[in-house]
Amino acid sequence: MRVYLDNAATTPLDPEVVSAMTDVLTNFYGNPSAQHAIGRSAKGLMEVSRRKIAELINSKPSEILFTSGGTEADNIIIRGAVKYLGVKHIITSPIEHHAVLFTAEDMDKKGLAELHLVNISDKGEIDMDHLEQLASAYPGSLICLMHANNEIGTMVDLKKASVIAKRHNCLLHSDTVQTLGHYKIDVEELGLDFLACSAHKFNGPKGSGFAYIRNIHKIGPMITGGGQEKNMRAGTENLHGIVGLAKSLEISNSIMAEKQKKLQALKTLMMDLISKEIPGVTFNGVTTPEGSLYTVLNVSLPPNPAGEMLLFKLDIEGVCASGGSACSSGASKGSHVLAAIHQPDERTGLRFSFGKYTTEEDIRYAVEKLRKVISE
Ligand code: PLP
């Protein structure tokens, strides 16, 4: 038996998405920039996808910029805001995905924008008072806060962050890579200026995503060449990826409520079973249904001689998970998130992450194997 509990890393493709993409690959080979009928039909399909996505996040179609995924979307937004919108300060948190953190650090190192890190709690919650202090000290900043942390699942109250951002004329970008497709996201209700999305986190294709860029923010060319994507991102569009992205987001939104109910119940079951079976276990990050992703559970294991080998042992037993130690001592590898929330180095953090194909049998099997490899 093989159990896949690494859905925060990536998810298997939905067969309906495969079918939509196969149709494009087979029948819509035209270049969307071409003037002729075959090109126009490809362009038409791309714009239908854009409209569908815009509708799902309550934006305008012209605010959707197709990218190769979350990393590129984060880069275009952060670098674009610094290059074209006069941003001189970036406020972010120490537990952001590296797509945000390294990009912001790069802007800082090059002297293009100064980086400020907001304080977080040991559960990964943003200190909103500190955010307010930073925003007030550096009005006009770009604030980058991920909607939910990909390693520990702690969620950010984006509405609160956007009130603070607006009060100090700041722009708000949220990396919603771990929440789009799992939670209803309305850019107006949340007051976002930008967001980043990646299709492969919700049963869509790898290498496809988008950046939401509010129309009032005029970002110029980020990749130069042709005039595609309103001149911001040159290059012939990845049409099958775009269609797969729109299809997977559409399907995800249509099953969201039942998926949330099912996966929240499985997460709770896994927490209960693990707490019973493994002495000394704790959970990293917030674990309440309101404050954390229902797709992610980060287990903090008491010191074990196997250390990070536990992951390999689980793999041998047929369980795919991910994780690691904090390594705050500065060793080359380790999780910057676990280090920032002060997980002790000697404990191992294992991330189990769930998707729409996860079953109760998977959970029970994984816990049984976890208990086995720990007691060996
Ligand atoms: N942001 C977050 C929070 C993620 O979890 C990931 C993927 O792991 C990314 C960004 C990068 O997305 P992509 O793989 O589409 O570049």
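Start at the ligand: the residues of its shell split into two nonpolar, eight polar and two charged. Here Ala, Val, Leu, Ile, Met, Phe, Trp, Tyr, Cys and Pro count as nonpolar, Asp, Glu, Lys and Arg as charged, and the others, Gly among them, as polar.

This is a predicted model, where local features need pLDDT of at least 70, side-chain atom pairs count only at pLDDT 80 or more, and totals for chains, interfaces and linings use all residues. Residues are numbered from 1 along each chain as its sequence is written, and side-chain values use heavy atoms, with hydrogens and water left out.

**The shell.** Select the residues around the ligand, including Gly69, Gly70, His97, Met146, Asp175 and His200. Each has a heavy atom within 4 Å of the ligand.

**Polar contacts** (pairs of N or O atoms within 3.5 Å). Select Thr71: a polar side-chain atom lies 2.6 Å from a ligand oxygen atom. Go to Lys201, where the distance to a ligand oxygen atom is 2.6 Å. For Gln178, it is 2.8 Å. The ligand alone exposes 400 Å², and the protein buries 85% of that (Shrake-Rupley method, 1.4 Å probe).

**Helices** (DSSP runs of H or I, at least four residues, numbered from the N terminus). Select H3, residues 70-84, and H4, residues 98-109: their axes, lines fitted to C-alpha atoms over the stretch in contact, lie 9 Å apart at about 30°. That makes H3 and H4 roughly parallel (under 35 degrees).

Now select H1, residues 15-27, and H8, residues 239-254. They pack at about 155°, axes 9 Å apart. H1 and H8 are therefore roughly antiparallel (over 145 degrees).

Technical notes: A polar contact is a pair of N or O atoms within 3.5 Å; within protein, one must be able to donate a hydrogen and the other to accept it, and residues adjacent in sequence count only if both atoms are side-chain atoms. Axes are lines fitted to C-alpha atoms, for helices over the stretch in contact, and angles run from 0 to 180 degrees between N-to-C directions. Helices (H or I, at least four residues) and strands (E, at least two) are DSSP runs, numbered from the N terminus. Angles under 35 degrees count as roughly parallel, over 145 as roughly antiparallel, 65 to 115 as roughly perpendicular and the rest as oblique.
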